[in-house]
Amino acid sequence: MSYLEEVFNYLKRTSPAQTEFYQAAEEVLYSLQPVLEKYPQYRKHKIIERIVEPERQIMFRVNWLDDNGEIQVNKGFRIEFNSALGPYKGGLRFHPSVNAGVIKFLGFEQIFKNALTGLQIGGGKGGSDFNPKGRSDNEIMRFCQAFMSELYRHIGANTDVPAGDIGVGAREIGYMFGMYKKLANKYEGVLTGKSLKWGGSLVRTEATGYGCVYFAKNMLAARGESLEGKRCVVSGSGNVAIYTIEKLYHLGALPITCSDSKGMIVDEEGVDLLLLKDLKETQRARLSEYIKYRPKAKYIPVEEYPQGRNAVWSVPCYAAFPSATQNELNLEDAKALLANGCKCVSEGANMPSTAEAVDLFVETKIAYGPGKAANAGGVATSQLEMAQNASMVAWTFEEVDAKLEQIMKNIYDTASATAAEFGQPTNLVLGANIAGFKKVADAMIEQGLV
């Protein structure tokens with residue numbers, strides 16, 4: 001049995017039934033074989049064994065009252081995975097699918113994603129199985145306050161700085177920040193994604209989507225190609241998808257799809273961005289409402305999707321941007337994309353492609369940007385928000401956007417150069433994993449056995 005297999009089997013034995021975590025760990029660990037052979041000090045210092053174990057796992061009960069005066073109980077999580085490069089940094093996800101395995105996969109990915117930004121941030125993640133959909137503002141406020149009444153004792157501007165994720169936007173961040181300020185008696189940059197009125201950063205809302213498109217731009221530029229005039233498909237209709245669509249328009253592309261949990265839109269004339277923002281950010285409505293305003297567009301409910309497939313990936317396109325959730329693009333979806341001429345996949349969501357789909361993208365040598373590289377723009381801009389909070393200044397939209405674009409170029413250059421160093425110049429999965437790992441591993445060795 002190989003060294004990496006031993007570590008992975010240990011992981012399965014000590015962290016049972018955490019499927020998503022196994023998937024994330026396996027994808028990283030097995031791509032590290034070349035670097036372990038080239039640099040034996042990593043094995044000597046047991047970096048692999050140490051890096052797959054969180055420094056701290058926090059689980060807690062969240063009690064709150066709904067609008068009927070009934071007691072509700074949810075689980076809360078915060079996984080503080082690795083602080084070798086800086087304070088733990090990563091979002092909070094409120095969604096019924098949240099469990100320890102999901103949070104650990106997200107936190108593990110965050111270590112390497114954050115390392116790739118070149119900024120001083122470690123990796124962490126958190127959240128709850130609370131579902132904000134269908135809840136009133138007062139219920140969401142009471143839940144957020146109850147959640148923060150436990151989390152506040154574990155976080156801080158130089159310790160752990162959470163942000164938003166699925167189900168956690170500006171509203172939820174506001175309620176949690178207010179409670180943190182009351183309990184800790186501190187006004188500090190302990191959460192990112194804050195309102196611009198009290199410490200937020202311009203571009204933070206747009207950052208993950210913008211960054212994902214910037215990454216695609218860099219991948220294609222290296223091949224002498226561009227997004228201008230190209231048909232693009234996007235999944236999701238949340239923050240990442242909306243601002244992916246917006247940046248695609250900025251670069252002259254034509255985004256023609258978006259989706260939610262009930263179905264998808266195909267708009268051959270191009271997604272109406274203002275309408276999408278109104279439906280999802282203001283009305284909080286289903287995408288099925290879209291065709292009331294755009295009758296030429298087509299709405300496809302999930303019941304009509306091909307069995308075991310996501311219909312978004314059946315739409316012919318030049319570039320695809322998975323921006324919804326993990327494992328939304330499987331092997332059959334990947335085959336459909338390639339058969340329809342797709343030349344570029346840039347991941348806005350965390351681990352949206354299954355392992356088999358990733359293998360196919362790498363094997364066919366298309367321009368493939370894995371999530372830990374392509375969607376790092378969100379956390380990068382979170383760190384820029386932290387920097388502004390610490391120095392009590394506010395940068396312009398143009399300043400932050402320029403910094404974001406440069407960070408995404410640097411991430412691409414680093415992943416690309418590392419992939420070339422190890423003999424696989426088109427394999428950005430290998431490049432991103434090794435580059436992120438080396439940065440964290442070297443810091444762990446220099447900081448001693450702690």
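## Largest cavity

The volume is the space filled by probe spheres set on the points. The count of cavities of 30 Å³ or more comes to one.

Phe-361, Val-362, Lys-365, Ile-366, Tyr-368, Thr-426, Asn-427 and Leu-428 line the largest cavity, lining residues having an atom within 4 Å of a point. Five of the lining residues are nonpolar, two polar and one charged.

## Basis

This is a predicted model, in which local features need pLDDT of at least 70, side-chain atom pairs count only at pLDDT 80 or more, and totals for chains, interfaces and linings use all residues. Residues are numbered from 1 along each chain as its sequence is written, and side-chain values use heavy atoms, with hydrogens and water left out.

## Second largest pocket

The second largest pocket holds about 440 Å³ of space; a pocket is an open set with protein on both sides within 12 Å along at least five of seven lines. Its lining has 23 residues, and the closest to its centre are Glu-26, Glu-27, Val-358, Asp-359 and Val-429. Helix 2 (19-31) gives the largest share of this lining, five residues.

## Helices 10 and 11

Helix 10 (residues 239-250) packs against helix 11 (residues 273-282) at an angle of about 165°, their axes 11 Å apart. Helix 10 and helix 11 are therefore roughly antiparallel (over 145 degrees).

Methods. 1 Å grid on protein atoms, 1.4 Å probe; cavity = no way out; pocket = protein on both sides within 12 Å on 5 of 7 lines; lining within 4 Å. Nonpolar A, V, L, I, M, F, W, Y, C, P; charged D, E, K, R; others polar. Axes fitted to C-alpha atoms, helices over the stretch in contact; angles between N-to-C directions. Helix = DSSP H or I, 4+ residues; strand = E, 2+ residues; numbered from the N terminus. Parallel < 35°, antiparallel > 145°, perpendicular 65-115°, else oblique.
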